Amino acid sequence: MQLPHDTDSSIGHLAGNFAPVDREVTVQTLPVTGRIPAELDGHYLRNGPNPRNGSPHWFLGEGMLHGVRLRDGKAQWYRNRWVRTGNFAGDPTPLYDPATGNRNLHVANANTHIVDHAGHLLALVESSLPWEVNRELDTLGVYDFGGALTNSMTAHPKTCPATGELHFFGYGSLTAPHVRYHRADAGGTLVVDQPIDVPGLTMMHDFAITEQYVLFLDLPVVFDIELAQQGTMPYRWDPGYGARIGVLRRDDPAAGVRWFDIAPCYVFHVANAFDTGGVITLHAVRYESMWVGSSSAFDDHGTLHEWTIDLARDRITERPLDDRSSEFPRIDDTSTGRPHSTVYSVGSHHLTGYDVDSGRHRTREFGPDQPGEAVFVPSSTGAGYLLLFVYRAETATSDLVILDAGDVTAPPLAEIHLGVRVPSGFHGNWFPDTRPAS
């Protein structure tokens, strides 16, 4: 993943392919190179910041959804739409009430991810409640699990493939508890609301589940009131805070968290975690530090890393898995919380499939072009597919590219030429359609 770098002469997160687009469009004639697999029947949707009037930080622009509809081996349309939150409508209410410190959880940009659960399609940002949208990218309104959720929701919830439960957490309260763990059952009812004790208000962007545990990352990127008052991203590196991973039992979330100290670092994104015989393995992209001195000072060399927690011995070890710069790690989501075989991640100009068992990797180079996050889609006939937006430097337009997940270096199965630019953004998913029986 390419990260923006701000300088005195150019605002990196508003330039190049980070620059926002200024209008919503629908394109219904989409040329295709290659053949779209006929079994891909559904919507590929991706979220990302797209500020209408500038933004002091890449993470703070209004959310815009980009979508492509696939059916019967054809690309029926591409469209982009802003998520119409209260912020978009011009609500002047600040996120934090300066008098009380209370948060307004309806204040949102909803610019980070899009997931579905119990029939609800949710645009997410970690500072607020979710916003529900439909597959045509219309905004339906704020979603709070029928009034049961009174906290923000991470942009990286995890769906358990065995139970259908949605695991997530919220953070951001200026007073303790700063973090709360939540669980919704397969029908969408919130069934767990558990405070998690951390000593300060850290930026807890992602987490992990296994079949038996929930893992929390308490890391030294910490809330800074001066940055908040300046209106920019209110977090910076605190070398004195420390770093640790917390383990919570899924069957007894009230039992408390076991914490394991680790070397200081930061993690935006987790690939997966799993437990076998009392040993937990976590794979994520690790940075040596992040936002040292400024929340615009991105460390742009994150690498795939492994932490191993031996619960019986009360010991944690760690090691790098790869030295290539990478981000946005994804797996086959049916392996969430279970042993996984491959992690797919992207760099500024490459896509890597990393084999967890052998340690080998295969890398696809994109030359001057820039790949976005690669989303895995299962196949009934092969290894699966990877779907990703790719920005073409020569034409300043973007394609939706479909690759064989079994060999990321093979020629693309299909390249869908959108004819418009999809700015660099964050996360998305494939949402398959279920056709009525004929």
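Trainee: In which strand does Thr352 lie?

Mentor: A strand is a DSSP run of E with at least two residues, a helix is a run of H or I with at least four, and both are numbered from the N terminus. Thr352 belongs to strand β26, which covers residues 350-355. The model is predicted: local features need pLDDT of at least 70, side-chain atom pairs count only at pLDDT 80 or more, and totals for chains, interfaces and linings use all residues. Residues are numbered from 1 along each chain as its sequence is written, and side-chain values use heavy atoms, with hydrogens and water left out.

Trainee: Does Thr352 count as buried or exposed?

Mentor: The classes rest on relative accessible area: under 20% is buried, over 50% is exposed, and values in between are partly exposed, with a 1.4 Å probe and protein chains only. Thr352 is buried because its relative accessibility is 4%.

Trainee: Which side chain joins that of Thr352 in a polar contact, and which residues does Thr352 touch?

Mentor: A polar contact is a pair of N or O atoms within 3.5 Å; within protein, one must be able to donate a hydrogen and the other to accept it, and residues adjacent in sequence count only if both atoms are side-chain atoms. The side chain of Thr352 has such a contact, of 3.0 Å, with that of Thr363. Contact in general means heavy atoms within 4.5 Å. Setting aside residues up to four places away in sequence, Thr352 touches Arg324, Val343, Tyr344, Ser345, His361, Arg362 and Thr363.

Trainee: What is the place of His305, and which side chain makes a polar contact with His305?

Mentor: His305 sits in strand β22, residues 303-310. His305 is buried, at a relative accessible area of 6%, and its side chain makes a polar contact of 2.9 Å with that of Glu318. Glu318 is also among the residues that His305 touches beyond four places in sequence, together with Leu282, His283, Ala284, Arg286, Arg319, Pro320 and Leu321.

Trainee: In which order do the four strands β20, β21, β22 and β23 form a sheet?

Mentor: Two strands pair if DSSP finds at least two bridges between them. Here the order is β20-β21-β22-β23, and the sheet is open with antiparallel pairing. The edges are β20 (270-276) and β23 (315-320); each has a single partner strand, so one side of each is left without a neighbour in the sheet. The twist averages 15 degrees from one strand to the next; axes are lines fitted to C-alpha atoms, for helices over the stretch in contact, and angles run from 0 to 180 degrees between N-to-C directions. Within this sheet, β20 and β21 (residues 279-286) run antiparallel and are joined by six bridges. Thr276 has Val279 in β21 as its bridge partner.

Trainee: How many residues stand between β8 and β9 in their hairpin?

Mentor: Five residues separate β8 and β9, and in the turn Leu137 has a positive phi of about 75 degrees. Three bridges join β8 (residues 131-133) to β9 (residues 139-142), which run antiparallel. The bridge partner of Trp131 is Val142 in β9.

Trainee: How many helices and strands are there in the protein chain?

Mentor: The protein chain has one helix and 33 strands. Buried residues make up 58% of its 438 residues. The radius of gyration, taken over C-alpha atoms, is compared with a globule rule of 2.2 Å times the number of residues to the power 0.38. For 438 residues a compact globule would be near 22 Å, and the chain, at 21 Å, agrees.
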